[in-house]
Amino acid sequence: MTDRKLLMIPGPIEFEPAVLEALARPTLSHVDPAFIASFGNALKMMREVWLCPNGQPFVVAGSGTLAMDMAGANLIEPGDKVLVLVTGYFGHRYAELLKRYGAEVTVLEAPLGDTVPLDEVERELAYGNFKLMTFTHVDTSTGVFVDPRPLAELAQRHGVLSILDGVCSIAGEEMRQEAWGIDVAVTASQKAIGVPPGLALMMVSPKAMDVWKQRKTPVGNYFCDWGLWLQVMQAYEEGRPSYFATPPINLIVGLEVSLKLMLSEGMENRSARHIAMADSFREAMRTLGLSFIPVREEVMAHTLSAPYYPEGVTGAQLLPAVSKNGVVIAGGLLPSIKDTYFRVGHMGMVNVEHIARTTIAITEALKP
Ligand code: PMP
């Protein structure tokens, strides 16, 4: 596969050879002691990656959407009020998802490329009688970064649970779930977690677990019910086999490898590397005269960039030309402006060589 192109979309990403090698090993039984050890280790390491020593991790077969669904299914009861902060496509989707469980959803939508002002959030939280607030750490459709700290702080002050959609951030952007007071932080394997698509992952605070335990109605989604998964997660951490639904064995073995690599780099070094890679990529794009959807430096994600096409250039021209130069990047995603911008992922194992190859591929493709 020497002519394989470099995958620089915002997920799935390039994966470490050691992770791919782990996935290719013969599949073990889900009750094999070696698998039990891998699954248990992976769950323990998740607490270090999310920086949530008292959290309850869950890993199930699925994607990020399933992780969002699981959080909603377990925390929402019909009639519960939820505040959804929208900074792009994935926030809108969360609002729709939560309505399926009977939530009464209020949406606060940020101006394009920006975040919802904190005073607006505070005003809603003060009078809205909300049970839950959701926000997207990095919205992959706009490249907008939301600082979770002041939001989680506001949610706590108003007695509201918080769910962070970290599908495009966790293990890339700085994340200190417990110190910041975030109740549920969800993600998927195929982005900065560094494992091919197929795992839904989340970390749940003791407070959110208590709220779930006090539900008056059963969880309206069988596969997603934390009650059915909790004993599985606890058993594997304690070195015992358990079963509710067959786990994706190979992906979990790959997850153990990826989390180990991540922790040996160190979470602070890892988020610093993401900042450095994002800065150098954007500097190169600015040299080409490009500007970005996020309107200010502080709201720019470090896991992807979303530049506008230059005058007179379309996606139909640029994307195939970049691909011909050996690099795969993505088009726009937010329906209203889809054809005006493109997206480049720089997360996970991303290094200076990836950034250089991508910069050269785009620069060459833009030459008249
Ligand atoms: N939220 C965000 C911020 C995402 O980027 C994505 C995937 N691009 C999702 C949710 C949905 O995840 P998945 O495609 O793995 O279901």
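**Exercise 1. The domain interface**

How many residue pairs are in polar contact across the interface of domain 1 and domain 2?

*Solution.* Start with the ground rules. This is a predicted model: local features need pLDDT of at least 70, side-chain atom pairs count only at pLDDT 80 or more, and totals for chains, interfaces and linings use all residues. Residues are numbered from 1 along each chain as its sequence is written, and side-chain values use heavy atoms, with hydrogens and water left out.

Step 1. Apply the rule. A polar contact is a pair of N or O atoms within 3.5 Å; within protein, one must be able to donate a hydrogen and the other to accept it, and residues adjacent in sequence count only if both atoms are side-chain atoms. The search gives 15 residue pairs, both residues at pLDDT 80 or more.

Step 2. Locate the surface. Helix α11 (residues 267–287) supplies five residues, the largest share of the domain 1 side that touches domain 2. Helices (H or I, at least four residues) and strands (E, at least two) are DSSP runs, numbered from the N terminus.

**Exercise 2. Salt bridges**

Count the salt bridges between the domains, then in the whole structure.

*Solution.* Step 1. Define the term: a side-chain nitrogen of Lys or Arg within 4 Å of a carboxyl oxygen of Asp or Glu.

Step 1. Between domain 1 and domain 2 the count is two. Glu268 also pairs with Arg176 in a salt bridge, with the closest N and O atoms 3.1 Å apart.

Step 2. The whole structure holds 22 salt bridges. Among them is Asp114 with Arg296, at 2.3 Å from N to O. Asp114 sits in the loop between β4 (104–109) and α5 (118–127), and Arg296 in the loop between α11 and β11 (304–305), so the pair ties together parts 182 residues apart in sequence.

**Exercise 3. Backbone exceptions**

*Solution.* Step 1. The bond from Gly11 to Pro12 is cis, with omega near -5°. Pro12 lies in the loop between β1 (6–7) and α1 (17–23).

Step 1. Leu51 has phi near 50°. Its loop runs between α2 (33–50) and β2 (56–61).
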